[in-house]
Every structure is written in structure tokens, then in C-alpha cells.
Amino acid sequence: MRNTINFAGFDTLPVIGQGTWYMGETASQRAAEVAALQAGLDCGLRLIDTAEMYAEGGAEEVVGEALRGRREQALLVSKVYPWNAGEVDAIDACERSLRRLQTDYLDLYLLHWRGNIPLEETLRAMERLQQQGKIRHWGVSNFDTEDLAELWDEPGGNHCATNQVLYHLASRGIESALLPACQQRGMPVMAYCPLAQAGRLRESLFSDPLLTQIAQQKGISVAQLLLAWVVRQQGVIAIPKASSVAHVQENAAALEVKLTDEELARIDRAWPAPQHRVPLDIV
């Protein structure tokens, strides 16, 4: 398994990072969330992903607290609402995120999903933010194949650093066209909800007899198996959320898990990829 990647100026970035969706929503959990993020940094999980949407800025505040005195250790990612992605509004939104994050720059700023503002206008805003030193790189999230094709046709669109999309064993639609297109371009894909979001799909994965058997045989958890499966793909970075120190340490240990060809074949038979193009899953 490739457990590091060259990404956004970081030469040896681990292919598992830290997500923050649902952080910052409960004051009593703040200390534990900060401790988890700091433990992730201690384990080498340098990429921290957040967004102005998460707890309406609350998650960014948690990340800002976690990064006090450690900002240079992290590849910091945040995302802008599509209605804030205009040429002027994106500047203001980014500055608000920077204040909450207690930093003067983002390593990566993403358009959270596509809205009604023309891509060319958002690109101008991203380029201006780069010129001002407020962001180092920019990218997109929840863009399907056609959206990326349109983006790449825009002047400067080929500077897009990543596409962050839903990807886990029970949601393999990106493997048909989107992931190969990104791989062909050498553009990393960030997989959010790599363990599936809470609900029926997650329960079916974590209770699956085959996955449980393989995990037990390897002496790992099903979560570690699922993370190792996601990052088996070239150019894919997983960003699971872990709001406890124990969970983030478990995620970091998944970097050392290697799945054999035989194990991957068994998983493929039980959880096959779609045989045809399907629309991009979004949660």
C-alpha cells in the first residue's frame, strides 16, 4: 500500500488525515475534540479538513485551538459555501475562516459543492486569495466527472489541487469514471466518510461477516480494514473523523495495514463496484 503521497506542497503526506464534520457542535466535547486532533498530529496525520459549514464555523474554532503553536505541522484544509464563492464574498468568507482557525493562511481552500455562481468567478476569487497569500492551493468538493471537465476547460482550471468526494466500500461509483479521470491528471482525491456515515450502510459494513473475518485474521478492526481498502487506490487520501484519542490512534495504525490480492478479490466479490456510470453520491 502507498501510505504517503505528494500533495499541496507536502512531499510525504500520510494518505490518512483527519476530518472534523460534526465537531464544534457540543461545548462539552470540545476538549476531547481538540485532544483528538492533537493526538492525530502526534501520530503523523498532518492533513486536517474542516469547513465553514461544520457547526457554522464551530469546527474551525476547534481546529484553531488544536493548532496553537503547531500550525506548521498541519496541512490545513477548509471549504467555502457555494453561495459564498463569488469574487468578493469568497474573500470575506476565507478571512472569517482564517480568524476562526487563528492562522493567516490555508494550505488548501475548497469550493464545498457546486452552486449557481459561475466557475470562472470562483476561480478569480481563488487566484486573488493566492496572490494575497491567504491560501496556497485551491480545489473543489463534490464535483462529478462533467463538473470537473467543465472546470478544467476554464482558464486556470487545471490548477485545481484536489476533488473531495464521498468514497467508501459501499459507495464505489467514483471508480467507474471520476477516479480514473483524476488519476490520469495526477490530481489527488480526498475521500470523505471513508467509513460510511452513521446509518444502514455503515451498520451493514461493520457487521459484514466477510469483513469481520478478514479483520480478525489480520488482527485489526473492521474500521482499519475499511480505511486500508480506501487508500489502496493510487492518489486517494482518506479523511475519517475521530473525536477521541483512541479512535485517531486506531486510524493512524491503519496506515500499516496491507491487504493481499486475495483479500481484495474476496472483498470485491462481496462488495462489487457498479458495472456502469452512476451519479456521484453526496451526503
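**Exercise 1. The annotated histidine**

Between which strand and which helix is the place of His-112? Decide whether His-112 is buried or exposed, and list what His-112 is in contact with.

*Solution.* Start with the ground rules. This is a predicted model, in which local features need pLDDT of at least 70, side-chain atom pairs count only at pLDDT 80 or more, and totals for chains, interfaces and linings use all residues. Residues are numbered from 1 along each chain as its sequence is written, and side-chain values use heavy atoms, with hydrogens and water left out.

Step 1: find the place. His-112 is in the loop between strand S6 (106–111) and helix H4 (119–131). Helices (H or I, at least four residues) and strands (E, at least two) are DSSP runs, numbered from the N terminus.

Step 2: check the record. UniProt, in an unreviewed entry, puts the feature "binding site" at His-112. UniProt positions are given in the numbering used here, feature names are shortened, and annotations may be inferred rather than shown by experiment.

Step 3: judge the burial. The relative accessible area of His-112 is 7%, so His-112 is buried. Buried means under 20% relative accessible area, exposed over 50%, and partly exposed in between (1.4 Å probe, protein chains only).

Step 4: list the contacts. Contact means heavy atoms within 4.5 Å. Neighbours within four places in sequence are left aside. His-112 is then in contact with Ala-51, Met-53, Tyr-54, Lys-79, Val-80, Ser-141 and Asn-142.

**Exercise 2. Helices H5 and H6**

Describe how helix H5 and helix H6 cross, and sort the residues of their contact.

*Solution.* Two packed helices are described by the angle between their axes and the distance between the axes. Axes are lines fitted to C-alpha atoms, for helices over the stretch in contact, and angles run from 0 to 180 degrees between N-to-C directions.

Step 1: take the two values. The axes of H5 (residues 145–153) and H6 (residues 178–185) come within 9 Å and cross at roughly 30°.

Step 2: name the arrangement. Angles under 35 degrees count as roughly parallel, over 145 as roughly antiparallel, 65 to 115 as roughly perpendicular and the rest as oblique. H5 and H6 are therefore roughly parallel to each other.

Step 3: The crossing of H5 past H6 is left-handed. A crossing is left-handed if the near helix is turned anticlockwise from the far one by less than a right angle, and right-handed if clockwise.

Step 4: name the residues. H5 contributes Thr-145, Leu-148 and Trp-152 to the contact, and H6 contributes Leu-178, Ala-181, Cys-182 and Arg-185.

Step 5: sort them. The contact has 5 nonpolar residues, 1 polar and 1 charged. Ala, Val, Leu, Ile, Met, Phe, Trp, Tyr, Cys and Pro count as nonpolar, Asp, Glu, Lys and Arg as charged, and the others, Gly among them, as polar.

**Exercise 3. Positive phi**

What is the phi of Ala-8, and what is the phi of Gln-102?

*Solution.* Step 1: Ala-8 is not a glycine, yet has a positive phi of about 50°. Ala-8 is found in the loop between strand S1 (4–7) and strand S2 (10–14).

Step 1: Gln-102 is not a glycine either, and has a positive phi of about 55°. Its place is in the loop between H3 and S6.
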